[in-house]
Amino acid sequence: MDKICLKENGLSVTFGINEEQVVELLDFSAEGQESKAVSMPDAPHPLMEVQISGKSTRAMHGYKHNMEGASLDFHYVSHEICEQEGGKELLIRLETAYRLAAVYHMRFYDEIPMVQVWTQLENRGKESIGLEYVSSFIYQGLCKNGQKPYYDKTDIYVPNNSWASETQWIQRDAADLNLAGMTVDGFELPGFGNNRFWYGSSSSWTTCEYLPMGIAADRETNEVFFFQIDTSGQWHAEYGSGAGKCLYLALSGPTGAEHGWWKNLRPGESFATVPAAFGVSFGGVNEAIAALTKYRRAIRRPNADDEKLNVVFNDYMNCLMGDPTDEKERAIIDKAAQMGCEYYCLDCGWYDDGLWWNRVGEWKESAERFPNGLKSVCAYANSKGMKMGLWLEIEVMGITCPLADQLPDDWFICRHGKRHMDNGRYLLDFRNPDVRAYCRGVVDRLIRDYGVEYFKVDYNVTMGFGSDLHSDSCADAILEHYRCLYRWYEEIFRDYPDLVIENCGSGAQRMDYGMLRLLSLQSTSDQTDAVLNSYIAANVASAVTPEQAGMWVFPYETDEEHIIWNMVNGLLLRPYISGRVWNMESSGMRLMQEGIALYKKIRGHIRTGVPFFPLGFGHINDEVLAYGILDQDVAYLSVFAPKTDEATIPLPDDWKDAKVSVLYPADGRCAYSCRDGSLYVKFPQKTAARLFQIVVD
C-alpha cells in the first residue's frame with residue numbers, strides 16, 4: 001500500500017492508497033503516539049463518504065453514514081502539498097469511472113494541532129448526478145490506540161445549547177451512548193451494528209439545540225479529539241461503531257436522511273462541502289479548547305475590533321428592553337460615557353411607534369419616538385466620545401410591514417406555494433440578488449445618513465426546513481442562502497473595512513464560525529438573570545474566542561456584590577454593558593468605572609490568551625464555577641460561588657509558586673490563600689464572584 005504521511009504542528013496524519021486505488025485515512029493521531037492501523041481489507045475506510053441517487057449502500061448500516069454507496073468509486077489520481085500563508089494544504093485528486101471528480105482539501109495551520117477539511121466535487125460526465133450525502137470529514141479511528149477498545153475508555157462531550165442556557169456541555173461515556181461492542185452467536189462484532197450517536201441542526205438556527213463542535217477523550221492514551229463544523233445552517237455530527245473495532249466520526253452539512261437534502265449536480269457543475277475542522281492533542285478539554293481558540297483566530301477575518309476589544313453599551317437587556325425614546329437614550333448615553341464605554345448601540349424598537357415585532361423591514365425611524373430625528377441621538381453619542389450602533393434584523397420582514405405586500409414571493413422563503421411565516425415574520429431569501437441589493441441599500445443609508453459604525457444584526461426566527469422555490473431541495477436552499485449571505489457580508493466589509501457587526505440570533509442560536517469567520521462579535525445569550533448568566537459566562541469561551549464572546553454586564557439591583565458579580569461575568573470575555581443604569585448609586589457607578597478601566601488594561605491578554613477551565617465545564621447545579629485566560633506567564637481567573645460562600649480551585653502542578661492577587665474589585669473584599677496546589681477563597685456572602693490574577697514564575 002502506498003502512503004501519504006504528514007507530520008505537522010503536533011499531528012501525525014497518514015493516508016493509504018490500496019490496490020483498488022481507493023484512498024483511506026488510516027491514522028490521525030497526536031505526534032508521538034504509537035498508532036495502530038484500522039483499515040481492514042474487506043472494509044476499507046475511504047477518506048470521504050458519498051451517497052449518490054440510484055446507488056446502494058455498502059453494507060447493513062441502519063442510518064449510519066460510514067458505508068455510503070459511491071465512496072469506493074473514487075480512485076486516486078494525484079496529490080500535492082502546497083505552501084500557504086500560515087501553513088500547508090494537502091490536495092488529493094480523485095475520480096470515478098462515470099467522471100465525477102473530487103478534490104479533497106486538508107488545510108494545516110502553523111502551531112495549531114488542527115486541520116480544516118472540505119471536498120470539491122465536479123461532474124465531468126454527460127449525465128446529471130443526484131447527491132444525497134457528502135462528508136465534510138470522516139475518520140474511522142478515534143481512540144483506537146492503546147490496549148483497550150474504544151468502548152471501554154472513551155468520554156464524549158456533548159455541547160448542549162439552548163435559548164438563555166447556552167454552552168452547557170455534558171460528559172458521556174461511549175458505552176452509555178450505545179457505542180459499544182456487539183455479540184452475535186458468540187462472536188464479538190464491534191462495528192457491524194446499527195448503533196450511532198448523532199446531533200446536529202435542523203434549520204437555519206445552527207445552535208438552537210447543540211453547538212457545531214465536539215470533543216472525544218481517550219482515558220487510556222490521554223489523547224483528546226476535537227472538531228468544529230464551520231457553517232450557519234443545517235449540519236450533522238455522527239459518532240458510530242465501524243469495522244475493525246473502531247469508532248468513527250462523520251461531519252457534514254445537510255444530509256438526505258436527516259434534512260431531506262438533495263443536490264442535482266448537472267454536467268459541468270461543482271459542489272463544495274461545508275468546511276469542518278478536526279484536531280487531536282494530548283490532554284483534556286483545556287488543550288482541546290486552546291487549539292480550537294487558535295484555529296478560530298486563524299480563520300477569522302482580520303479586523304480592528306478583535307484587536308482592540310471595544311467596550312459596547314447596549315440599551316436592551318434589563319435596560320430599555322426595546323422601548324427607546326429620544327429622552328431615554330440621551331440620559332443613558334450620559335451614563336455610558338461616564339462609565340467609559342466606547343460604542344453605544346441603540347437596540348430594537350427605533351423604527352416603529354408602538355409594537356414593532358411584526359412591522360420590521362423598512363428600517364425607517366419612528367418620528368414619535370425621535371421627534372428631533374434619530375440622527376440627533378447618534379450625534380449626541382458621538383459628542384460624548386462614543387461611536388454609534390443600531391440594531392437590525394436584516395434577514396426578515398414583518399408580515400404587517402407595508403413593503404411586504406408590494407414584493408413578489410421570490411423575495412421570501414416559500415414552500416408549497418406559500419411564504420413561510422415564523423412568529424409574525426417572513427424570511428428573506430438571500431439567493432435573490434434583488435433581496436441582497438435592497439438589504440445593502442439599508443446598510444448604506446444608515447451609515448450615510450446617521451453615521452452608524454456598528455450594527456447588531458439579530459435573527460430571531462428560522463426558515464423551517466427551507467424553500468422549495470428555485471431549489472433542488474429545501475435543505476439546499478438553506479445552504480445556498482447562507483453562502484449568498486456570506487458573500488453579502490464580504491462585500492460590505494470590502495467597502496466598510498472598519499464597520500463593526502455583532503452576530504445575534506435570539507442570543508446565541510446562530511453562534512457558529514460560518515458567521516464568526518466574518519463578524520467580530522457574538523451575542524452569547526438572552527439570559528436576564530445575572531446568576532444564571534454566570535453558568536454561560538463560565539463555559540462560552542469553549543464555543544467562541546473570548547474576544548468575540550459578548551457577555552451581558554447588566555446590573556439591575558443597587559447591591560454592590562450584585563454589581564461585582566455582573567462585572568466578573570464579562571471581564572474575561574467582551575462585556576456588553578447595560579442594565580438599570582438610571583438607578584445606579586455613586587458607589588455602583590465607581591465599581592462599573594473600575595471594572596471597565598480594568599478591562600481596558602487586560603484586554604490585550606484576552607485577545608492573545610487561551611481559555612482554561614480548572615473545574616471542567618460548568619453545570620447548572622454546580623456550587624462553584626471557574627473560568628480563566630492563560631497568556632504565557634500570566635493567568636486571569638474568574639471564580640463564582642452562586643450557591644455557597646467559599647470555593648476551592650485546583651491549580652496546575654507547575655503553578656505551586658505562583659503569585660495570586662484579587663484584581664476586581666481592587667479592594668478585594670474576600671479572604672484567599674494558595675496551599676496544597678489549590679486556590680481557596682472565602683467570600684463575604686453566598687452568591688459572590690471575584691477576578692484573580694495569577695503570575696506564574
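Start by selecting Glu111: is this residue buried or exposed? Glu111 counts as exposed, at 70% relative accessibility; here buried means under 20% relative accessible area, exposed over 50%, and partly exposed in between, with a 1.4 Å probe and protein chains only. Glu111 is found in the loop between S7 and S8, where helices (H or I, at least four residues) and strands (E, at least two) are DSSP runs numbered from the N terminus. Check the backbone too: phi of Glu111 is near 65°, a positive value in a residue other than glycine.

Some ground rules before moving on. You're looking at a predicted model, in which local features need pLDDT of at least 70 and side-chain atom pairs count only at pLDDT 80 or more, while totals for chains, interfaces and linings use all residues. Residues are numbered from 1 along each chain as its sequence is written, and side-chain values use heavy atoms, with hydrogens and water left out.

Jump to Asn178, in the loop between strand S12 (168-173) and strand S13 (183-184). Asn178 is not a glycine, yet its phi is positive, at about 70°. Then pick Pro665, in the loop between strand S40 (659-664) and strand S41 (671-675). The peptide bond leading from Tyr664 to Pro665 is cis, with omega near -5°.

**Salt bridges**

Side chains of opposite charge can pair when their charged atoms come close. Searching the whole structure turns up 46 salt bridges, each one a side-chain nitrogen of Lys or Arg within 4 Å of a carboxyl oxygen of Asp or Glu.

Select Arg99 and Glu95, whose closest N and O atoms are 2.5 Å apart in a salt bridge. Arg99 is partly exposed, with a relative accessible area of 39%, whereas Glu95 is buried at 18%.

Next, show Asp347 with Lys456: this salt bridge has its closest N and O atoms 2.9 Å apart. The two sit in distant parts of the chain, 109 residues apart, with Asp347 in the loop between strand S24 (343-346) and helix H6 (374-383) and Lys456 in strand S31 (residues 454-457). Asp347 is buried, with a relative accessible area of 2%, and Lys456 also counts as buried, at 3%.

Now for Arg690 and Glu561, a salt bridge with its closest N and O atoms 2.9 Å apart. Arg690 lies in strand S43 (residues 688-695) and Glu561 in helix H10 (residues 560-571), so the pair ties together parts that are 129 residues apart in sequence. Arg690 counts as buried at 0% relative accessibility, and so does Glu561 at 9%.

For a group selection, which residues do salt bridges with shared partners join into one network? Pick Arg297, Arg300, Asp305, Asp306, Glu547 and Arg574.

**The pockets**

The largest pocket holds about 500 Å³ of space. A pocket here is an open set of points on a 1 Å grid over the protein atoms alone, where a 1.4 Å probe fits, with protein on both sides within 12 Å along at least five of seven lines; lining residues have an atom within 4 Å of a point. Grid points are joined across faces, edges and corners, and the volume is the space filled by probe spheres set on them.

Of its 23 lining residues, Gln116, Trp118, Asp230, Pro275 and Arg517 are the closest to the centre of the largest pocket. Which helix gives the largest share of that lining? H8 does, with 4 residues. By class, the lining has 12 nonpolar, 5 polar and 6 charged residues, with Ala, Val, Leu, Ile, Met, Phe, Trp, Tyr, Cys and Pro as nonpolar, Asp, Glu, Lys and Arg as charged, and the others, Gly among them, as polar.

The second largest pocket has a volume of about 290 Å³. Of the 20 residues lining it, Tyr343, Lys387, Glu453, Asp498 and Val500 are the closest to its centre. That lining has 8 nonpolar, 4 polar and 8 charged residues.

**Last stop: S24**

Stay on Tyr343, which is buried with Cys345 on one side of S24, while Tyr344 and Leu346 are buried on the other. S24 runs parallel to strand S25 (residues 387-392), joined by 4 bridges; strands pair if DSSP finds at least two bridges between them. Within S25, Lys387 is the bridge partner of Tyr343. S24 also runs parallel to strand S23 (residues 312-314), with 3 bridges, and Asn314 stands opposite Cys345.
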